[in-house]
Amino acid sequence: MKKLYFSAMADDNYLKAKRIFSQHAQLYRDRFWDVSRYAGSLSCFAASLPKGARVLELGCGPGNVTAFLLERYADLTIYPTDFSPEMVALAQQENPSCEASVFDVRQLASWERPVEGILSGFVIPYLNEADTRTFLKEAADVLPAGGMLYVSGMVENATQQSGERTNSQGDVLYMYYHRLSDLLDWVQESGFHVTFQTVDYYPAGDGTTTSDCAIVARKITA
C-alpha cells in the first residue's frame, strides 16, 4: 500500500486538537455525552457485526459511544482509544469493563489485536484529505473480509466549509468539512461497500447549518 504522508501544517493542527481536547476533556464529556441523535447509524453498525464481535473505537472521547453501544449490545468487546490521555481516563472511568488506551488514529497500521469492526466517530474533521484517505486504507488493512467500518463527521454544505473554528473556550482550530461525495469515493476506493449513509442537519450557533454524516461500510476485499 502506498503511504500518504502528513504535511507539517496538518500535523501541527492535529497536535493542537489533541491539546484542546485534553485541556477540556471534562467539559466535552458534560456537553456531548448524549449520542442518542446518532442512534440510527450506530445501531446499524452494531447490528451488522457478528455476535461477540470485537470493535476498535478510534477517538473514543469520554467513552459515550462505548457506553451507548454496550448498553444495547452487551456481547460486544470494545477497545476504546483516543489520542488524549485525559479522554482515555474518562472513557475508562465510564466503562470499567473495557480496556481503554491511548492510541493515535494516524498509527492505525500498527494496531495488532484482531477486530471485526472499526468505529471512528467525528475524527475525520481533524484529518485532512491525505490523512483521511490513509486512515481508510489502513482500516481496510486491519479488518478482515466482511469487517464493518463506521465513520462520522461534519461535511461541507452551502454555509459551512473547511476553515478555522473558535470553540466556546476561545480556542481556534482548523476543521475539515469534507464533501460527502468525496468521502463515499474514498471509502469505496479503500475496498469497502457502503451499506448505510445518512446526513442530518442541525442549526449552528452562528446562524449557519451543520451537516453531520455517518457512513457504515463492509470490507469486500480479502
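Predicted model: local features only at pLDDT ≥ 70, side-chain atom pairs only at ≥ 80, totals over all residues.
**Notebook: confidence, sheet and helix packing**

The score is pLDDT, the predictor's confidence in each residue, from 0 to 100. I took helices (H or I, at least four residues) and strands (E, at least two) as DSSP runs, numbered from the N terminus. The chain mean is 90, and 95% of the residues reach 70 or more. Over residues 1-8 the pLDDT is below 50, and beyond near neighbours in sequence this stretch has 13 contacts in the model. A contact means heavy atoms within 4.5 Å.

I noted the conventions: residues are numbered from 1 along each chain as its sequence is written, and side-chain values use heavy atoms, with hydrogens and water left out. Local features need pLDDT of at least 70 and side-chain atom pairs count only at pLDDT 80 or more, while totals for chains, interfaces and linings use all residues.

**Sheet**

I traced an open sheet of 7 strands in the order β3-β2-β1-β4-β5-β9-β8, with mixed pairing. β3 (101-102) and β8 (192-203) are the edge strands, each pairing on one side only. Two strands pair if DSSP finds at least two bridges between them.

I then followed β8 into β9 (residues 209-219): the two run antiparallel and are joined by 11 bridges. F196 has V216 of β9 as its bridge partner, and D200 stands opposite D212 in β9. The hairpin of β8 and β9 has 5 residues between the strands, and G207 in it takes a positive phi near 90 degrees.

**Helix α3**

I checked what α3 (residues 39-47) lies across: β1 (54-58), β4 (117-121), β5 (148-155), β8 and β9, at about 165 degrees to β5. Axes are lines fitted to C-alpha atoms, for helices over the stretch in contact, and angles run from 0 to 180 degrees between N-to-C directions.

α3 also packs on α4 (residues 64-72) at about 60 degrees, with the axes 11 Å apart. A39, L42 and A46 of α3 and V65, F68 and L69 of α4 make the contact. I found 6 nonpolar, no polar and no charged residues there. Ala, Val, Leu, Ile, Met, Phe, Trp, Tyr, Cys and Pro count as nonpolar, Asp, Glu, Lys and Arg as charged, and the others, Gly among them, as polar.

**Other helix pairs**

I looked at α2 (residues 25-32) and α5 (residues 85-94): their axes come within 9 Å and cross at roughly 50 degrees. α2 and α5 are therefore oblique to each other (under 35 degrees is roughly parallel, over 145 roughly antiparallel, 65 to 115 roughly perpendicular, and the rest oblique). A25, Q26, Y28 and R29 of α2 meet E86, M87, L90 and E94 of α5. By class this contact has 4 nonpolar, 1 polar and 3 charged residues.

Last, I looked up α6 (residues 129-142) and α7 (residues 180-189), which pack at about 35 degrees with axes 9 Å apart. E129, T132, R133, L136 and K137 of α6 touch L183, W186, V187 and E189 of α7. I counted 4 nonpolar, 1 polar and 4 charged residues in the contact of α6 with α7.
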